[in-house]
Structure formats: C-alpha cells, structure tokens
Amino acid sequence: MTQASEDHSAADPVRTIELVISTLLRAGVVTSLSVVVAGLVLSFIHHPQYIHSTTLLHQVTTPGRWFPHSLRDLAGGLAEFRGEAIIMAGLLLLIATPVLRVAVSIVAFYLERDWAFVAITAFVLAMLILSFLLGKVEG
Amino acid sequence: MRSDWATANSQLPTSAATVPAVLAEHLTIFQFVLITFGISVVAGLAGALLGLGGGIIVVPALTLLMGVNIRLAVGASVVSVIATSSGAAAAYVREHMTNLRVAMFLEIGTTTGAISGAFLAGRLPARWLFIVFSVMMGYSAIEMLRNRHEMGGHVPSDRLADRLRLHGSYYDQLLGKKVDYRVTHTSLGLVLMYVAGCVSGLLGIGSGALKVPSMDLAMRLPIKVSTATSNLMIGVTAAASAGVYFARGDISPLIAAPVAAGVLIGATGGSRLLPRLSNRFIRLAFVLVLLWICGQMLWKGARGA
C-alpha cells in the first residue's frame, strides 16, 4: 500500500478521487458490519432459544417467517430495538454504499472539472435511480 | 421441498451429501449462523481475488448444505455481491489496483444492461439463455488460458481510451515494480458490459464472470486490474436489484447477517492477498471457476430450469 502511494502524490486529481472513494467504501463497510453484528448479538440476547433449541432452524431457512421488508416496518422494529430490524438497517447501509459511491464520484469529478466523467457518472446514477423505481413498480 | 432435497443432494459426493443434510436438521440457529459465517469468509476471499460476487459459493452452500430455500439464498447472495464489492474495492481503489475511470465508464453498460435484462426477464426462454451463455463462458475460459502470457503483445491504439484517459498503471508487489498498461477496444468493452449486465438482470448469474473476461480479452487490462475493476462494478449492479429483493422479502436478516459479516471480512482479507499473488495463479483460478459456472449453467439449461 505504501509503495503504491509513493507513485501517486496526493496532489494528483485522480489520486484524490481514489482516496475519497476508498474512504467512503471503508466507512460503509465498517459501519454496516458493526450494525449487522450488533443486531445479530441483540437477536440472540432477546431469544436465548436460538442458541439452545434444535427445532427452530427450519423457520429461518424457509420463507414465510416475518421480518421487516419495508421501510415502515423497519422504522417500527428499530423503535422497539428489535435485533432483526437492526440487522436489516445494517444491510440497507451496505446496499446504499455503492450508490453513494457513484453520487460522491459525480461531485469529485465536478471539482476536478472533468466534464466527460461528470456526465458518465451522472448517467450511471440516473440509471440506478431508474432501476430502483422500476423495481418498486415490479415488486 | 423434500424431493428437491433428494435431487439436489444427488449432485454431491455421498459423504458431503449425507453428513451436512443430517447436520442441518439438528442445528440450532446459533450454529447455523456460525457455519454460514465461516462459509461466507471463504466466499468473500475468493470473490475478492477473482472479481466475482461470491454467489457461486454462497447459493449452493446455503441451499445444498444448510437447507435454505432458494429464494432466501438468492436474496443473501445479492447481499454477498455488494459485501464483496465494497470490502475488496475499499483496498483496491486505494492501492490503485482498480482502474476507476474504466470502471465508471463501463458502468454505463452494466446498469443499462441490468435494466434491459430485468425488462426482458420472462420474455425470453431462460433455458436457451443458459445454454448460449454457458457456451460463451466456456469460450472465454479457453481464450483466457491461451492468453496467459499477458505481458507481451502489441496493444492496438484506441482513440476513445485516449480521449477518456483510461490508460493506467498499478504496482505489482510480486514483480516488485510498477506495471504500465494501455486500454484498447473501449467501445467493444462497453457493448460486452451491456451484455454482461443484461445476463445478470435476466439470469441472476455471472455478475463478474462475464466482466472479467471482457476486460481481459477485449480491453487487454492486466488480470489483477480486471478482477479489481470488476469488483468495484459488481456492487453497483447488485445494489440496483437489491431494492427489489428487499421489498419482496427475500433478504432474511438471520441468513443475510452472517453472510454479510463473513463476506466483508473475507473480502477485506482477500484484497490484502491479491497484490502478492501471481497473475498466472489468478488467471488459472479464474478460468477454473469460469468452467465451473459454465457447467452449472449448462446443467440448468439441459434440465430446463
């Protein structure tokens, strides 16, 4: 890592963008990992039978068991401090990270006055938003 | 469900088929979480090195070994793709292993392709798609093997690559030097990424399996740069579809949590390893995995999945 940094000084515009994106990804990874693990630990604290009982697993491995799958459910679950809601919040942070990465890239390229790449990344973000909207209609 | 199990298990060697099936029946949720975490660490490690999502490990492991329903396994694998991508790319981008400009340019193709794929899903016969793309992957695998002496050869100049300043360099820890490379056939690469995006939207498979060969064979990026660049891109494609899986209730917290945690840790570890491994090793490992996916898809096509 250190050798690579020597070749690219911090003044290099591409280098600056790389550092911003890398920091963002790392922050996303660390935050989502901590939230997911915290939610998991809380689930086991609230439900000690998850640790002892050997008859519950098929409820987890087959569909039909309830867990939050809309933002409203999620907010409700978070308010009640439910482990699975906290896990879901962590997973959504994880899912949001790449989208945020694209959004931040637009700003970074804009600051570098790299218009071709401002256009490219803005188009990619637009496509991402479009696919979310289309997914909502379909789902 | 029962009969699915029987047919699914018949694909495995007998020892692997009998032991885990019995195990999965008598596990507590806690044990399930621990084992899933362990498998996911391996999936994240492999995914980070090869530029793949790790779904090829997560889905069969969850369904065949742990007895997880396929819908929930696929939901967890979408999470695993994003986790591999962010976990690995955090290091690759910093180390200049990822070609950021190439990744962002090609994302035009993968995102539009993914939307087209989702639109076309159900309108095209999945069976024939599986067969067509497995043949395509088999062909890529053979070509990638023939192309194993990648350092030599003349790279044709490409005006689009010049104008977008896509050429780059990376520091190869194993060779102990900075490797400069030139990018070529940019438009062809973009078309291939559109196809790759389409396939992942249509079949939910091959997020990285088609991206790496396209960058390797068409655009002539070094193999490590190809897998690292693919790693950054697969996260965006998967995030685009993750919303649908979440709304449908396919992302189950108790399954996806150990997958996400394991893959994030595995991918972070894998990203430390990549600069030290030889190009030859990465290429060979990738070709083997590609052949495996090719066989899997051929099997699905033949069975009429």
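Helix axes are taken here as lines fitted to C-alpha atoms over the stretch in contact, with angles running from 0 to 180 degrees between N-to-C directions. The model is predicted, so local features need pLDDT of at least 70 and side-chain atom pairs count only at pLDDT 80 or more, while totals for chains, interfaces and linings use all residues. Residues are numbered from 1 along each chain as its sequence is written, and chains are lettered from A, with ligands numbered from 1, in the order in which they are written.

Chain B holds 13 helices and 2 strands (DSSP runs, H or I of at least four residues and E of at least two, numbered from the N terminus). Of its 305 residues, 59% are buried, with 20 or more other C-beta atoms within 10 Å of their own, these atoms being placed from the backbone.

Within chain B, the axes of α5 (residues 70-94) and α11 (residues 223-248) come within 8 Å and cross at roughly 145 degrees. Residues that meet, with C-beta atoms placed from the backbone within 7 Å, include Gly75(B), Ser85(B) and Tyr92(B) of α5(B), and Asn231(B), Gly235(B) and Tyr245(B) of α11(B). By class, this contact has 14 nonpolar, 7 polar and no charged residues (Ala, Val, Leu, Ile, Met, Phe, Trp, Tyr, Cys and Pro count as nonpolar, Asp, Glu, Lys and Arg as charged, and the others, Gly among them, as polar).

Turning to the interface, 63 residues of chain A and 61 residues of chain B take part in the contact. On the side of chain A that touches chain B, α2(A) gives the most, with 17 residues. That side has 38 nonpolar, 19 polar and 6 charged residues.

Technical notes
Buried ≥ 20, exposed ≤ 12 C-beta atoms within 10 Å, placed from the backbone. Contact = placed C-beta atoms within 7 Å.
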